[in-house]
Structure formats: structure tokens, C-alpha cells
Amino acid sequence: MPEQIQRSIQTTNLADILERVLDKGIVIAGDIKIQIADIDLLTIKIRLLIASVDKAKEIGINWWEQDSYLSAKAKDAEIEKENKELRDRIDNLEKKLDEY
Amino acid sequence: MKKKRGFYLYCIREKGCTGFASEGIDGESDTFMIHHDNLEAVVSGVSIEEFKSEEIERKSKTDLNWIKTKAQTHETVIEKAMVGDGKISAVIPMSFGNIFRSKKKIQQVLEKNYSNFRNILEELRGKQEWSLKVYLKDKNKFEQIVKEKNKNIKEKEQEIGSVDDGMAFFMEEELKELISKEMKRELNRFKNDLFEKLKQQSISANKEKILEKEVTGKNDPMILNTSYLISEENIDNFKKEAMRLNQKITLKGFYLEYSGPWPPYSFSNY
């Protein structure tokens, strides 16, 4: 069942990264305190993704294709798959936006 | 007038790791190491003006792409610090935005928390963090399965068939409620069972926050979000188990996705 296997090895996405970087990891009492804790992180993430779609529409490019982070990524699956997944995600989001 | 500089801290690791990302979070300054004994902190210079609290707060409201990009760079630097010579080293990943006014301050952090950091690194050595998320793809399928195997629902359905229309109308409502209740119960059992099975393949396991569809970008709702700390030798077993479970849960209308290795964000609390 190749399709299922493929799906199960799909790699990380932006949500995975933001969830970890913004919400986890150690905080040491540094000199500069970045207080984004009082804003709901989830709200940030939602707006973030919506903003990305808007931007992509606005300037007519697919930001994820130029995202050096993604092309440098070497996790457990191929970039192509990830790109496809992202494209599908964007399509879905765009559909949703159109409904409004 | 010289602009104020600070130092952004990404992670702490043992000296001697070879993995290294050159570009820091500001897109211009190179990353470098600050040592204390056999520990090192991976850092890079930043402009305080760009990274001060008010500025970040402003950007979180007006320029979320900035935060997105910076969070990704933060992750990239740590991943590169974690992987070197084809192997994964233990690192203690920092959260976004730990900034210090001087290198000396960071050295003091290493000094002050030396044994603590050593212990965490010792704990993390030879282990990897993996993420696994479960989604509901086909709610009807799941509902069908719950209905078929649930005795209470079956009884209720039979009862409805044997009463007059007026009565049946009210009982239909009851049946709907019953189905919804049983589905919730079955879903909880299903989630716990899956989590326990994967937990057995790990040293430590966490249930994480469920992310909304808008965040995951998927049509299917997330029903379980988990992270695991797994010993290197057991990664293949974990993946095998995940794939085996995926085949099983697909029959019930669910699917899972896993990813890794991640810097151990979820398992390096101190």
C-alpha cells in the first residue's frame, strides 16, 4: 500500500516548526525578554499562514518555492512531496478565503 | 553612534560537535560558539533595535512573515548544530528569542547551569525527538464502525423500529445523542490505545496541544498530537510501529503522520 506508506512518512511543515520554536524549548532569563506569551500563539500561527497566502496571491508567486529553508531541509522525506503538500494546503486555504 | 548589539542564543551542546550553520538569525551575522569547560553555546550577533521586545511584539501584529522566517532560521541553526558527520549530537534547544547583551553573560549562564546542562545532555545522548500527529479523514466511516459494534446503539435502533412514528421521532433524537456520545468515548479509547502503543517504543512521550485546521493547513481535523523521545537503536522500530498502526487506523477513517528527528524541544526542560 504505497500511498499509505508515503503519507505516513510525510515530513515536517511550518506548523510543526512554529509549534516547537515558539511554544517550546528552554527559556533562560536573558537580558532581553521577548514577550509574545501574552498574545495567543495559536492566533499568531493562524494569522501567519493566512498572511502567507495573501502575500503569495498579492505578488503572484509561491513563496514556498523560494523558501530557502525548505530547500535546505533534509528531513525524512523528499522536498517534492512537501511542496505538493504545501501547494494542497495553500489551495485549501485559498478556497476557504474565497468563501468569505 | 554605534548601534547596540546583542547575542542570540540558539542551543547548548558539548564541545567537539562538528555541525555548524554559518548564517545567523539576522541574515548577516555568522553564528559562532561561546565555550565554558566542555560546553558550548551556539550564538550569533543581532541588533537590539531589531530584536527588542516591543519590536517583536509590533511585528507579531503587523509583520508575521518576519516571525515565520526568523522561527525557521532559529530551527535551521539548531538542526545544523545537531547534525554533523552524519550523526546526531545531543543539543539543548532554546525557545525563540533568548537574547543577551554580552558574550560574557552567556558564558555566565553556562557556568552557573553547568551541571544542569551536563545532566540534560547526558540524558539526551543517543536519543531523538519525533513528532506524530493523527488526523480524522472520514468521519462517516468511523461513525459506521462505532454503530456496528456498539450494543447500546443497536438496541436503540431496534427499539425505534418497534414503536409508532411519534415516539420514534423523539427516540431518533436520543439515538443521535447516544451515537455522538459513543463516538467520543470510542475516539478517546482509540487515541489512548494508539498513544500507549507508540509510547512503548519510546523512552518518554508527551501529548501536545491539538492544532487547528488553519494552522495545519489540512482539511482533516487533528485528533492527536504527540511527541516521543526515542533511543537511536529503536527509531526503525518506532517507524515500523507507526506504519503498522497507520494501516490499521486507515480502516477506521484516520491517518497519521510522523516527522523527525527534531531537536529535543519537548524533552529538555530544566
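Predicted model: local features only at pLDDT ≥ 70, side-chain atom pairs only at ≥ 80, totals over all residues.

Me: How are two packed helices described?

Reply: Two packed helices are described by the angle between their axes and by the distance between those axes. Here, helix α6 (residues 139-149) of chain B packs against helix α8 (residues 165-199) of chain B at an angle of about 100 degrees, and the axes are 10 Å apart.

Me: Which residues of α6(B) and α8(B) meet?

Reply: From α6(B) come F142(B), E143(B), V146(B) and K147(B); on the side of α8(B) they meet I179(B), E182(B), M183(B) and E186(B). Sorted by class, this contact has 4 nonpolar and 4 charged residues, and no polar ones.

Me: Into which domains is chain B divided?

Reply: The assignment gives domain 1 (5-125) and domain 2 (129-262). The centres of domain 1 of chain B and domain 2 of chain B, taken over C-alpha atoms, are separated by 38 Å.

Me: What radius of gyration does chain B have?

Reply: Chain B has 25 Å, whereas a compact globule of 270 residues would have a radius of gyration near 18 Å. The C-alpha trace of chain B spans about 90 × 45 × 30 Å along its principal axes.

Me: How many helices and strands does chain B have?

Reply: Chain B has 10 helices and 11 strands. As for burial, 35% of the 270 residues of chain B count as buried.

How values were computed: Residues numbered from 1 in each chain as written. Chains lettered and ligands numbered in written order. Helix = DSSP H or I, 4+ residues; strand = E, 2+ residues; numbered from the N terminus. Rg over C-alpha atoms; globule rule 2.2 N^0.38 Å. Buried ≥ 20, exposed ≤ 12 C-beta atoms within 10 Å, placed from the backbone. Domains from an automatic or database assignment. Axes fitted to C-alpha atoms, helices over the stretch in contact; angles between N-to-C directions. Contact = placed C-beta atoms within 7 Å. Nonpolar A, V, L, I, M, F, W, Y, C, P; charged D, E, K, R; others polar.
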